Amino acid sequence: MKKLLLPLALSSLLIGVPAAGSPAIVSQGFIYERAPFPQCHASTIEETTGGGLVASWFGGTREKHPDVGIWVSRQEHGRWTAPVEVANGVQYRRSDGSLHRHPTWNPVLFQPRSGPLLLFYKAGPTPQTWWGMLTTSTDGGKTWSEPR
């Protein structure tokens, strides 16, 4: 019986995996070859109401480093635009009114049926102390609102 379960388990993992050339694959390739950051992580991709693709991730020196920001690229005419940083974790310190940059984390793009493209992410020094942020785009990811 044990010998039968392993092939069944493996075959069930392959069911629903699209083959190359499948209509489930919209686009395939690299978003960029060179970037202004050494590391990136936690990518997300969404189709806009206009039918374009937008991708986002966090990138910087390394995870938890204050220079880690949220980056976006858009697919235009079959090619990806250069990555652009759209959120950087800069916050005002209430104690003295100064600016302080926190790392950003885990972007998630979401396009509702109507309304702007939403980009959720976390900002803060660690997962235990981070907070949620949101920025929006009304033009398919070309420009973004002030994060809140």
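**View 1. Strands S8 and S9 pair through five bridges in this predicted model.** The two strands run antiparallel. S8 covers residues 104-110, and S9 covers residues 117-123. Strands are DSSP runs (E, at least two residues), numbered from the N terminus. Two strands pair if DSSP finds at least two bridges between them. Leucine 109 faces leucine 119 of S9. The hairpin of S8 and S9 has six residues between the strands. Glycine 115 in this hairpin adopts a positive phi near 105°.

**View 2. S8, S9 and S10 form an open sheet of three strands.** The order is S8-S9-S10, and the pairing is antiparallel. S8 and S10 (131-137) are the edge strands, each pairing on one side only. On average, neighbouring strands of this sheet are turned by 20° against each other, direction ignored. Such angles are taken between axes, which are lines fitted to C-alpha atoms (for helices over the stretch in contact), and run from 0 to 180 degrees between N-to-C directions. Seven bridges link S9 to S10. Leucine 117 has serine 137 in S10 as its bridge partner.

**View 3. Histidine 102 sits in the loop between S7 (99-101) and S8.** Histidine 102 is buried, at 14% relative accessibility. Buried means under 20% relative accessible area, exposed over 50%, and partly exposed in between (1.4 Å probe, protein chains only). Not counting residues up to four places away in sequence, histidine 102 touches Pro66, Val68, Asn88, Gly89, Gln91, Gly124, Pro125 and Trp131. Contact means heavy atoms within 4.5 Å.

**View 4. Valine 68 occupies the loop between S2 and S3 (69-76).** Valine 68 counts as buried, with 2% relative accessibility. Beyond its neighbours within four places in sequence, its contacts include Phe58, Arg62, Asn88, Arg101 and His102. Valine 68 and glycine 89 lie 21 residues apart in sequence and 8.1 Å apart in space, C-alpha to C-alpha.

**View 5. Threonine 49 is exposed in the loop between S1 (39-47) and S2 (53-60).** Its relative accessible area is 57%. Leaving aside neighbours within four places in sequence, threonine 49 contacts Gln111, Pro112 and Arg113. Threonine 49 and aspartate 139 are 90 residues apart in sequence, yet 9.6 Å apart in space, C-alpha to C-alpha.

**Notes for all views.** Residues are numbered from 1 along each chain as its sequence is written, and side-chain values use heavy atoms, with hydrogens and water left out. In this predicted model, local features need pLDDT of at least 70 and side-chain atom pairs count only at pLDDT 80 or more, while totals for chains, interfaces and linings use all residues.

Conventions
Helix = DSSP H or I, 4+ residues; strand = E, 2+ residues; numbered from the N terminus.
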